[in-house]
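This report describes selected local features of one protein model. The sequence and the structure come next.

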Amino acid sequence: MTPAGTLLTLDVPLAGRGSRSQPRECLVANGAATLGFALPAALAAVVARPDARVVAVGAAAGFAAMAGEWCTAALAAARPSVAVALNHAGTTDVASGARAAGVDVETATDEASFRTAFDRAWRADAACLVDAHVSR
């Protein structure tokens, strides 16, 4: 769903999932790391590589833990990025903090709506959160 050169940041539980990325295009925590790595790592990637698009993927709990970073994401609005919160059955409120900071939020409840939400987020001219309600 993204072109070559897109940077990917993954939260701790997903660290082994970036195997299809090219070298230096996937940022994962190394060693002991706290939940919530994906969002601040994505913001750092936006600053370090302003020419690249960035996608952060993590558990909703990680995004909730780093909710204070949404203000930073909103300030970096000139450099679009997409955050995908894998939200088990929509039980974690990740949208309120993002919206309060001025970050757009798209919600997905199945694969088809995820594709639509991700596409809208990808085409946005600012940071955007996709609140993906997942069942497993």
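Glu106 lies in strand E5, residues 104–108; helices (H or I, at least four residues) and strands (E, at least two) are DSSP runs, numbered from the N terminus. The model is predicted: local features need pLDDT of at least 70 and side-chain atom pairs count only at pLDDT 80 or more, while totals for chains, interfaces and linings use all residues. Residues are numbered from 1 along each chain as its sequence is written, and side-chain values use heavy atoms, with hydrogens and water left out.

With a relative accessible area of 17%, Glu106 is buried (buried is under 20% relative accessible area, exposed over 50%, partly exposed in between; 1.4 Å probe, protein chains only). Its side chain makes a polar contact of 2.9 Å with that of Arg120. A polar contact is a pair of N or O atoms within 3.5 Å; within protein, one must be able to donate a hydrogen and the other to accept it, and residues adjacent in sequence count only if both atoms are side-chain atoms. Not counting residues up to four places away in sequence, Glu106 touches Ala117, Arg120, Cys128, Leu129, Val130 and Asp131 (contact means heavy atoms within 4.5 Å).

## Ala59

Ala59 belongs to strand E3, residues 54–59, and is partly exposed at 24% relative accessibility. Leaving aside neighbours within four places in sequence, Ala59 is in contact with Asp11 and Leu86. The C-alpha atoms of Ala59 and Leu35 are 8.4 Å apart, and 24 residues separate the two in sequence.

The structure holds three aromatic pairs. One of them joins Phe114 and Phe118, a tilted pair at 5.8 Å centre to centre with 35° between the planes. Rings of Phe, Tyr and Trp (its six-membered ring) pair if their centres lie within 6.5 Å; planes under 30 degrees apart count as stacked, over 60 as edge-to-face and the rest as tilted.

Both Phe114 and Phe118 are in helix H5 (residues 111–123), four residues apart, about one turn of the helix. Phe114 is partly exposed at 23% relative accessibility, whereas Phe118 is buried at 5%. The rings of Phe118 and Trp122 have centres 6.1 Å apart and planes at 15°, so this pair is stacked. Phe118 and Trp122 are also four residues apart in helix H5, about one helical turn, and both are buried. Phe114, Phe118 and Trp122 form one aromatic cluster.
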